[in-house]
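Me: I'm new to this and would like to work through a structure with you. Can I show it to you and ask a few things?

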Amino acid sequence: MQTSMHEAKSKLSQLVELALTGEEVVIARAGKPAVKLVPFKDQKERVFGQFKGQVIASDDFDSKEVNDDIANCPP
C-alpha cells in the first residue's frame, strides 16, 4: 500500500497496524515513494565468547605457506 505524507500524518496508527500485520506500507512525498514503514525487530544480545570451544583453527592457519596459497588463488 502506498499513501501520501498528508494521509500518513492523519492515519499513522492505522498504518502502523497494517505494517504489523505484514502489509508493506510506503509513504510517498510528491507522489514518489520516500519511506517504508516496517515493524521493529529486537536484536539478539551478543554474548562475548559464545562460540568458545566450537571453532578450531589449525596451528598453521596464519603461516607463510597458507597465506601464499591464498594470495595465489584465482579471483
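Me: Which residues does T3 touch, not counting residues up to four places away in sequence?
Reply: Keep in mind that this is a predicted model. T3 sits in strand β1, residues 2-4. Leaving out residues up to four places away in sequence, T3 touches A8, L15, V26, I27 and A28.

Me: Is T3 buried or exposed?
Reply: Buried means under 20% relative accessible area. The relative accessible area of T3 is 3%, so T3 is buried.

Me: Which side chain makes a polar contact with the side chain of T3?
Reply: A polar contact needs a pair of N or O atoms within 3.5 Å. Here the side chains come to 2.8 Å, and the partner of T3 is E7.

Me: In which sense do β1 and β2 pair, parallel or antiparallel?
Reply: Q2 has V26 as its bridge partner in β2. Over three bridges, the sense of the β1 and β2 pairing is parallel.

Me: And which residue of β3 does V26 stand opposite?
Reply: β2 also pairs with β3, in the antiparallel sense over five bridges. Across in β3, the residue opposite V26 is K36.

Me: How many of the five residues of β2 are buried?
Reply: β2 is largely enclosed by the rest of the structure. That's because the buried count among its five residues is four.

Me: What is the phi of A30 near?
Reply: A30 lies in the loop between β2 (25-29) and β3 (32-37), and their hairpin has two residues between the strands. At 79% relative accessibility, A30 counts as exposed. Its phi is positive, in a residue other than glycine, and near 55°.

Technical notes. Residues are numbered from 1 along each chain as its sequence is written. This is a predicted model: local features need pLDDT of at least 70, side-chain atom pairs count only at pLDDT 80 or more; totals for chains, interfaces and linings use all residues. Side-chain values use heavy atoms; hydrogens and water are left out. Buried means under 20% relative accessible area, exposed over 50%, partly exposed in between (1.4 Å probe, protein chains only). A polar contact is a pair of N or O atoms within 3.5 Å; within protein, one must be able to donate a hydrogen and the other to accept it, and residues adjacent in sequence count only if both atoms are side-chain atoms. Contact means heavy atoms within 4.5 Å. Two strands pair if DSSP finds at least two bridges between them.
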